[in-house]
Amino acid sequence: MSAILFLARHGSHAEVGHILSGRSQIGLSPAGRAQAASLALKCAFYGVREIQTSPRPRARETAEEIAAQLGLGVETAAALDEIDFGSWTGRRFADLDGDPEWRHWNERRSAACPPGGETMGAAAARIVEHLDRLAAEGRSHVLCVSHCDPIRGGIARYLGLNLDHVLRFDIDPASLSSLAIDASGGRLLRLNEVPQ
């Protein structure tokens with residue numbers, strides 16, 4: 001039997017699109033809270049039974065909004081944390097654009113590493129290991145609230161895609177992707193579903 005597991009990116013915050021937030025402590029914006037409320041309705045429709053979250057405030061606040069509407073608790077899981085972007089954390093994307101290391105990171109996610117940070121491979125491995133463990137424990141319909149790059153990396157691993165190609169699909173704020181996972185691997189059911 002396959003476990004159905006859901007990956008949600010946290011809702012919007014004030015830095016989305018112009019600052020590399022990384023493992024900062026920024027929380028949701030009012031728009032992000034509204035997105036989380038809409039996401040809760042989608043999660044109710046899909047029968048979410050458990051909620052886990054990254055320890056970052058923006059992810060935790062998203063998970064708590066959903067949990068409040070579904071009458072569920074929230075468990076923090078370090079494996080769902082954002083990539084550690086090292087010294088790039090808190091930098092403006094406009095400032096990073098001229099950095100050759102940043103360009104290398106975006107062209108070679110399979111090999112590059114942010115200065116003092118974590119590789120895409122390490123982030124993908126930890127989220128896949130976590131999801132595989134949930135499936136092996138027979139836990140299904142678990143919502144895992146995480147971040148864009150770990151979700152992209154995890155999905156790429158299940159699909160057998162090279163991590164250099166993760167920028168070929170989007171994971172929008174407050175989007176929901178789902179996988180069916182069993183001992184033989186994972187199958188993508190939905191990608192980047194954004195509630196209206």
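Here is a short walk through this predicted model, from its sheet to its helices and its nonpolar cores. Residues are numbered from 1 along each chain as its sequence is written. Local features need pLDDT of at least 70 and side-chain atom pairs count only at pLDDT 80 or more, while totals for chains, interfaces and linings use all residues; side-chain values use heavy atoms, without hydrogens and water.

Let's start with the sheet. It is open, has six strands in the order β3-β2-β4-β1-β5-β6, and its pairing is mixed. Strands (E, at least two residues) and helices (H or I, at least four) are DSSP runs numbered from the N terminus, and two strands pair if DSSP finds at least two bridges between them. β3 (75–76) and β6 (185–193) each have a single partner strand, so one side of each lacks a neighbour in the sheet. Strand β5 (residues 176–182) runs antiparallel to β6, and six bridges join them. A180 has R187 in β6 as its bridge partner.

Now for the helices. Helix α1 (residues 30–45) lies across β1 (3–9), β4 (142–146), β5 and β6, at about 35° to β5. Axes are lines fitted to C-alpha atoms, for helices over the stretch in contact, and angles run from 0 to 180 degrees between N-to-C directions. Contact means heavy atoms within 4.5 Å.

Finally, the inside. A nonpolar core is a set of buried (under 20% relative accessible area, 1.4 Å probe, protein chains only) Ala, Val, Leu, Ile, Met, Phe, Trp, Tyr and Cys residues joined through side-chain atoms within 4.5 Å. The largest one has 20 residues, with L5, L7, L131, C144 and I181 making the most contacts inside it. Helix α5 gives the most to this core: five residues.

Methods:
Buried < 20%, exposed > 50% of the residue type's maximum accessible area, 1.4 Å probe, protein only.
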